[in-house]
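Please read the sequence alongside the three-dimensional structure shown below. The paragraphs after it are meant to be followed with both in view.

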Amino acid sequence: MLLQIKNVLTADELLQAQNIISDAPWVAGAESAGKQAADVKNNQQIPHECDAARAIRNLVLRGLDRHPTFFSATLPKRVFPPRVNRYGGDTNAFGNHVDNSIRFAPDTGLRIRTDISCTLFLAEPDQYDGGELVIQDLGGPRSIKYAAGDAVIYPGTTLHQVAPVTRGYRLACFFWIESMVRADEQRRLLFDLDTTIIAMRNATGDNAATVALTGTYHNLLRMWADT
Ligand code: NI
C-alpha cells in the first residue's frame, strides 16, 4: 500500500527541523547502503551520532507517535531511527534499488525487518526541481513529491529511485518500519476496515454494527499481529 501521510510535522516543528539542518554536517550517503544500492546512491546524509540528527529524529518520532493514520496504516512494531538526507549539486540522485531487507538500529543494535519504507519531505516542492521519489507500483511508476511535513509510506519490497535534483536541494527524512502485521495485503485490509469504522462512527455515532465491526477489527489484528 502506497499512502500519503499528511502533516506529520506541524509548521513550527518543520521550521525547527529546517533550522537544525541548516547548521548540520553532511557525509556521503553511500556509507550506509548495501552493495547494490551504494553503487547507485549519490546523496548526502547527516551523521547518525550528532546533535542535529538526534534533535530531528526526536521531532519526527514524536510526530509519528501522535499521528493516527500513521499508526493505523503501518501498525508499527519497531521504527528505525529516522535519518536525514539531502540531494543537490553534485550529489543529486539515487538510482533504482530495493532497500535492504534487514537493518540494524544504530542505537540499540536491534534487527528491524523493513516491511515499510517511509520518506518524510522537509523541503517544499518549489524549492527544488527534480528529486521525485519514483516507485514502481503494480500499475507502473508513481512519481511522488509532497509538501514539506508530509510523508509517503510504501512497501519495502518495491523498486524505487530518487530522480536527479537539477535545482536547489531536496531535504528529507527516511526510515523503515517493521510492522506487527508482516503482509502488505493484511495491513491494507485492516487499514480499510479501520477507516470505514471511523467513517461510520463519525456519521451515526456508535451502534451495534460499529461495535461488532470494531470487535472484528481487533480479532483480525489479534490473529495476524506478531508483537
Ligand atoms: Ni531506498
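The model is a predicted one.

We begin with the metal site. The nickel ion has three protein donors, namely NE2 of His97, OD of Asp99 and NE2 of His160, which lie 2.1 Å from the ion. Along the chain these donors follow the spacing H-x1-D-x60-H. His97 belongs to strand β7 (residues 93-97) and His160 to strand β15 (residues 160-162), so that the pair links distant parts of the chain, 63 residues apart. Are these two histidines buried or exposed? A residue counts as buried when its relative accessible area is under 20%. His97 is therefore buried, since its relative accessibility is 3%. His160 is likewise buried, with a relative accessible area of 3%.

The strands that carry the two histidines are themselves joined. Strands β7 and β15 run antiparallel and are connected by two bridges, and His97 stands opposite His160 of β15. Both strands belong to an open sheet of five strands, in the order β3-β7-β15-β12-β13, with antiparallel pairing. Strands β3 (41-42) and β13 (140-144) stand at the edges; because each has a single partner strand, one side of each is left without a neighbour in the sheet.

The next element is helix α3 (residues 51-65). Its 15 residues reach 21 Å from the first C-alpha to the last, close to the 21 Å expected at 1.5 Å a residue. Which residues of α3 are buried? They are Ala52, Ala53, Ile56, Arg57, Leu59, Val60, Gly63 and Leu64. These residues lie on the same side of α3, because they cover an arc of only 160 degrees around the axis. An α-helix has 3.6 residues a turn, so residues three or four places apart point the same way. On the other side of α3, Asp51 and Asp65 are exposed. The buried residues of α3 pack against several elements, including α1 (11-22), α4 (68-74), β10 (116-121) and β17.

Finally, we consider the nonpolar cores. The largest nonpolar core has 51 residues, of which Ile46 and Leu122 touch the most other members. Strand β17 (residues 170-179) gives the most to this core, with six residues. Apart from this core lies another, of eight residues, among them Leu75, Met180, Leu193 and Leu221. Leaving aside neighbours within four places in sequence, Leu122 is in contact with residues including Leu9, Leu14, Ile21, Val84, Ala148 and Leu171. In soluble globular proteins, nonpolar side chains tend to be buried together.

Terms used: Residues numbered from 1 in each chain as written. Predicted model: local features only at pLDDT ≥ 70, side-chain atom pairs only at ≥ 80, totals over all residues. Heavy atoms only, no water. Core = buried A, V, L, I, M, F, W, Y, C linked by side-chain atoms within 4.5 Å. Buried < 20%, exposed > 50% of the residue type's maximum accessible area, 1.4 Å probe, protein only. Helix = DSSP H or I, 4+ residues; strand = E, 2+ residues; numbered from the N terminus. Contact = heavy atoms within 4.5 Å. Donors = N, O, S within 2.8 Å, 3.2 Å for Na, K, Ca; no water. Expected span 1.5 Å × (residues − 1). Arc of directions from axis to C-beta. Pairing = 2+ DSSP bridges.
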